[in-house]
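User: Could you walk me through reading a few features of this model? I'd like the general idea for each, then the case here.

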Amino acid sequence: MIFRTSASFSFPHSIKRIHTGLTYTPRMSSALRTSSAASQATLSERLRNWWKRQTPGRQDRFAVLAPLLAVMLFIAAIVAAFLYLRAEEIAREREALSRDVDYTHQILRLRLLEQQEQFGQLSKDTGTDATNRQGFLQRSERLVSSYPEVQSVLWLSESGVVRWAYQALTRTSDPLQEGKPPGNPDVIREFERAASGNLPVYALGRRGQGQAAALRMHLPHFLKGRLRGSLVVEYNLEDLHRNAIPWEISAKYAMSLTDAQGKLLAGNAITENKINRNLMPWADPINASELPITPFATGLVLRGQAYRTSLGVIGNALFWMVMALSAVTAWLLLSSWRHTRRRVQAQDALYRETAFRRAMEESMLTGMRAMDMEGRITYVNKAFCQITGWAEKDLVGTTAPFPYWPNEDLETLQGRWRDELSGNVQPSGIQFRLKRKDGVLIDARIYVSPLVDAMGKQTGWMSSMTDITEPNRVRLQLAAAHERFTTVLEALDASISVAPIDSDELLFTNRLYRLWFGTKAYGHLQLIEQAGVPPEKPADRENLDAVDDYAGLSVEALTNKDIESAEVYMTSLGRWLEVRTRFLSWVDGRIAQMVIATDITARRMAEEKSELEAERAQAASRLITMGEMASSVAHELNQPLTAIHNYCNGMLSRLRGKQIDTESLLQALEKTAHQANRAGQIIQRIRSFVRRSEPNRSQASVQTLVGEALELAGIEVRRRGVKFQQNIEPNLPDLMVDPILIEQVLLNLIKNAAESIDMAKRPPHQRQISLTVQKTVVEGRPAVEFKVQDSGPGIANEAMPRLYEAFYSTKTEGMGIGLSLCRSIIESHTGRLRAENLYNGLAVTGCVFSFWLPATLSLASSPSASSKNSEIQVSP
């Protein structure tokens, strides 16, 4: 280690400069003189060793090279970390791009599938002559308005001639002419391919010469094996790209639609600069991901490219900033190393000069601290270091703010420190907080007095400090606990208020209560009143005094009472609140009532919306059921209408021939009216079943529910030639249900059973459905169980786990929502629906669907109807 003489730093002067502000007493000076004679030889030897250390040796050279090596390792670590983070960033970008392209691909496929289903229904209706030209154009217009990417919809007859055509307003190619073949020969070839394969065909092409790329969908329709025509839907790929790809994906990536050869069809793409690639082959390529859109269009590919967001290593300002900071850090390390070396030298000299004084003062238990007139610490003893947790070398030479000062008390301690320097201190001492080196805060009391030398001159300030943490620990912990508890209550998203049950005084309110109701107690009382738990006040309040009316009474039973809860609507706030109340014993012994009000407006709105959606789905299911039974209903209505027609023709013939008397005419008219009434009852039953109404649960008789359901289900049963048997146990309790919904469940189960038997083509003696209704007990509660058993083929093992899954159906034309809605309806009535197969050995002989509903307890003994066992045999 070397001290440069040009810096005017020598050993004797350094000692003098370091000790500036330290004053020795006469006793200390004599002690030093006594010890100096005995250790003169030792001191001279130490001085010679100190001067020898000023010449760099082998260890000094190693000490010089070690920081340089550390700087090089630091720079290498920075570069390696930068390269690693860059590689990680590129990998994350590629993973995010692949994930988002796959997500966009799924959205595009689902959109095309949805459109294929919608246009497939239009193709089916057009092929079966279920719609005319006006209906075709209207439905096409609605579909085009729902899917803006559709440019045209046309119906080609079996000969390939345009029969009907609808063109969107945005279509810019030549108009289509009805009655003529399409002008584009590609459409004819695609039509022939779709007709030969009897499958939907997708093809890429262009709408005309010089027009943008298009996607065409052919949906052929065959009736009894004969081609009736094909529905051709033409898409604009640009509009499909714009409407199907989410905007947040388009904002992040360059999304495009290309053909199999990579030619851009729609969207935008990023082209890589080949010059930059040739100059910098190590630069990162453009991140891209591709997925073919199958099976809709062979050769149509969805491609996503990530926009370049980084400038590379060389052009990255962060890279150069890190390099600059690394250089500064290296310089700081070297400077810190030089400063530390000089500081160690000065401390070594200071230690030797003050060893004797330390020996006397380190045995003290009270912390001692000396400061010069400028407030710089010149001395601390061992006890002071133990109290603060800081070493002497960390404290000596420092000035305010001191290391043991907490950051939050800097301003206050700065003021007290200035008072100490000005002599404005209290004899009783000053209490303050200090922070140990390990971060622990402790309380201390310090006494300050002037430090005067032997000449009577003040050279600084002497302080003694003691640790008073333990006396204050309990008080501070209680204060902190109270503060934490208050902070938690203030941050809750629920209103909390506490008030005595015999007073309007508020004992506590949190922030949300004050925000809603202010600082008055009217909100607390209003919540209690609307929740239906008004506080009980003493009747006689004439002689008021300072004594609580409930003083001396046992409150254990009252405070241990369960929390009462209610949901109320506060008109003044426009919110739904869940109000919970309970009694508690306040800190002063009074009985208080706590009210917690939580805002549940969003939950109530979500529940109402969910109920509305379920109601719509149930109404739609009933309409679908009636649609599926349209042929059966038509057959059922045909019988009374045919009878009315025959009666009327017979009466007309006999009236023209004057061969009928008044009595015969009245009999014929009565029969005609009876048949008309029968047809009206069928139509009225259908209208009441499909009419959408508000959910209305009421006490319903089991016999009435079964009878109403069988009026509609019997139509389907009779049409399919199935025997129906019902077994209803007598004296069944009433049910608190929505009759229309339960009738819907029974109708669905009976109709499914009849369809299952019909599809299995059972012989007449095996075509049987039975309905059994009986009492049962479920989980200790009385209930009524309904069982619908059929003799069909049963349920396949692979279909059983997905039986109640929405949009899953084992029927070729089923929508898969019937059983799902049935289970939702039964569970909304706190019941359960289950299905199981019936076996005869290993052979499946049918299946049974059963569900139970809880009985109305108050009317459990009232009979619904007597037992009814009947068998219905209907010819198909």
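Analyst: Let's start with the strands: β23 (residues 768-778) and β24 (residues 781-790) pair in the antiparallel sense over 10 bridges. Strands are DSSP runs of E, at least two residues, numbered from the N terminus, and two of them pair if DSSP finds at least two bridges between them. This is a predicted model, where local features need pLDDT of at least 70, side-chain atom pairs count only at pLDDT 80 or more, and totals for chains, interfaces and linings use all residues. Residues are numbered from 1 along each chain as its sequence is written, and side-chain values use heavy atoms, with hydrogens and water left out.

User: Which residue stands opposite leucine 771?

Analyst: That's valine 788 in β24. In the β23-β24 hairpin, with 2 residues between the strands, glutamate 779 takes a positive phi near 55 degrees.

User: Which other strand does β24 pair with?

Analyst: β26 (residues 843-854), antiparallel over 8 bridges. There, valine 784 stands opposite leucine 853.

User: How many disulfides are there?

Analyst: A disulfide is a covalent bond between the sulfur atoms of two cysteines. The rule here asks for a pair of cysteine sulfur atoms within 2.5 Å, and the count comes to 0.

User: Is cysteine 847 buried or exposed?

Analyst: Buried means under 20% relative accessible area, exposed over 50%, partly exposed in between (1.4 Å probe, protein chains only). Cysteine 847 is buried because its relative accessible area is 5%. Cysteine 385, at 14%, counts as buried too.

User: And valine 79: what does its 30% relative accessibility make it?

Analyst: Partly exposed.

Notes: Helices (H or I, at least four residues) and strands (E, at least two) are DSSP runs, numbered from the N terminus.
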